[in-house]
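Here is a friendly look at charged pairs and a nonpolar patch. Please have the structure open as you read.

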Amino acid sequence: MDQLNFTGKHKTVLIGFMILGLVCMGLTFAFDDELHTRFWSNYLHNSVFFTGIAFISVFVLAAFITALAGWHVIFKRVWEAYAQFLLVGLGLMLLVIIGIWGHFHHLYHWADKEAVAADPILSGKSSFLNPVWYTLGTILILGTWAFFAWKLRQLSLDEDKNGTADFDHHRRMRIWAAAFLPIAGFTSAAMVWQWVMSVDAHWYSTLFAWYTTASWFLSAVSLTILTLVFLKSQGYLEKVTFDHLHDLGKYMFAFSIFWTYLWFSQYMLIWYGNVGEETVYYRHRLDHYPVLFYGNLLLNFVAPFFILMRNDNKRKYGTLVFTSVIVFFGHWWDFFQMIKPGVRITAMEALAHHASGHGEHAEHATEAAHHAVDFAMGFSIPGLLEIGTMLGFLALFLYFVLNRMSKVPFTAKNDPYWEETTHHVVEIHDVEQVLGHH
Amino acid sequence: MRNANKEVLYGLYDDEEVLLKAVVKAQHEHRTIMDVFTPFPVHGLDPALGLSESRLHIAGFVYGAIGTLTALLFMTWVFTRDWPIIFGGKPYFSLPAFIPITFEVTVLFASIGMVVTFYTICGMAPGVTNPTLDDRITDDKFCIAFDVTNADADEKSDIQSFLSGSGASEVNTKNI
């Protein structure tokens, strides 16, 4: 079976989960504070998370094409399909933009004109952190990403039909891919600053973009492993072997360490420097969100590090799937941890401000808001509504991606690396396996 | 020398695939291969020779863990008991400041420990001279060697014909 048959049962299940997600979002909206902080932060969190997975897919494709890698070609249709989700991501982010212009939400402190005018730090940053840039940046950059995702896939699909022996398609793909890498490097940082880091508008970290992108990368790799195992269980991609999964497992292992390295570097430098306006980020999380903070490290470092350390564990479906689920959920948790505390402060300040009216009470209320961060479901830890919302977004992602996938064959038969990828061997356990190839 | 006066019959192959097939053939015919020499690691040679997975990495993990503990305990002892100094207003026991050094010592212990273990297993040390069968096995030849010290003429010619029959471009004998 070279083409995915995406019908019936799977569609029903995914639509079911999408409805569940919508119900959860509706419930969140209905039982929220008057600014609907929990609803909007959930929406931003999941939109950024799944858009990032799509971005990483096109980035990884471009990186692998540029590096003349061949091992992934056997499942490159999966990443090509993932990458097309960028267009949906653009739609999702547009709603956040509409919310900024229409003042439907208070996700970003810098979007509040009055607050910016009264605040020297925010007004200093306002040439970058403003609604116009947010809008333009998101539309232009997400649009660029989506264009490259479309272009690479379109060339790859055309290669199936009109591929020639001089690999003209692949040569063109290499140009597009190489052009995309620097663009992706700079623009992803800009997007991460605007979408995620600016929820803590006073705070900044130069490492943040790397750290967030590493988080996206791990989400994409773990979801890829899960998708491949699912497709194999349905009888597709039978040529994807343990060796391909082993390499994906290595990526998950290595990048988990890389993520931890960045996580720790950011933490240690701020801890060592001990500059109040930087440490506030961690002080706040350590004091009020210990479960989020330490859980993050447990899910994203301790678990994958010790489970995937042994070589054999990367070659077992069970362990690999188990770890992928942990890592996927772990990085979703990481984004939750990045977004929620900052959004919550902004919302509390805004609420206190509204309640006290203008004048001298305002400052007092703001002060009070900083201390009123008791345990709250959906902020201190993800609640059931957050899980439901995530499942809804995941179902939307998978529905779109599987639908894209079902339109084209899995086999990229004219790809110059097709032979290489079907004979990809990481570790030989049976010598007949290698002799059989020749 | 340790293995002095050993008579070795060996075949030289030009290609690693031919070598790999010859090794598999020898295993099927239940011949006892003394050793195989290649200029670079050949994929699939270990399982073909029936070698089990190396346990060197387990030793590496143990050395690394010892390194982690050594660094953490030593720094903790120095900075809390033996010579407490305040750096930058931080507490005596400052775990984040210890982590980079802990990491380095872990790597150091693991790497040095594994190198020493590997050299010990292989019988390598400064001053040891290891006899080579043929200089070209470090360049472009692949070699299968049989120990024929106690073999009679029939057995030797049988091995000889196996080597040339399985694609060896040269068959030689050498006393090492």
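## Salt bridges and a surface patch

In this predicted model, B:Arg31 pairs with B:Asp158 in a salt bridge, with 3.1 Å between the closest N and O atoms; the term means a side-chain nitrogen of Lys or Arg within 4 Å of a carboxyl oxygen of Asp or Glu. The two residues are 127 residues apart and link distant parts of the chain: B:Arg31 sits in the loop between α1 (16–28) and β2 (35–37) of chain B, and B:Asp158 in helix α5 (residues 153–165) of chain B. B:Arg31 is buried at 17% relative accessible area, while B:Asp158 is partly exposed at 37%. Buried means under 20%, exposed over 50% and partly exposed in between (1.4 Å probe, protein chains only).

Over all chains, the structure holds 17 salt bridges.

| Salt bridge | N to O distance |
|---|---|
| A:Asp287 – A:Arg283 | 2.9 Å |
| A:Asp312 – A:Arg310 | 3.2 Å |

A:Asp287 and A:Arg283 both belong to helix α11 (residues 276–288) of chain A, four residues apart.

There is also a nonpolar surface patch, with about 970 Å² of accessible area together, whose members include A:Phe306 and B:Phe61. Patch residues have over 30% relative accessible area and no salt bridge, with nonpolar side chains joined within 5 Å. B:Phe61 lies in helix α3 of chain B and is partly exposed at 43%.

Residues are numbered from 1 along each chain as its sequence is written, and chains are lettered from A in the order in which they are written. Local features need pLDDT of at least 70 and side-chain atom pairs count only at pLDDT 80 or more, while totals for chains, interfaces and linings use all residues; side-chain values use heavy atoms, leaving out hydrogens and water.

Definitions and conventions. Patch = residues over 30% accessible without salt bridge, like charges linked within 9 Å, V, L, I, M, F, W, Y side chains within 5 Å. Areas by Shrake-Rupley, 256 points an atom, 1.4 Å probe, with all protein chains shown as cover.
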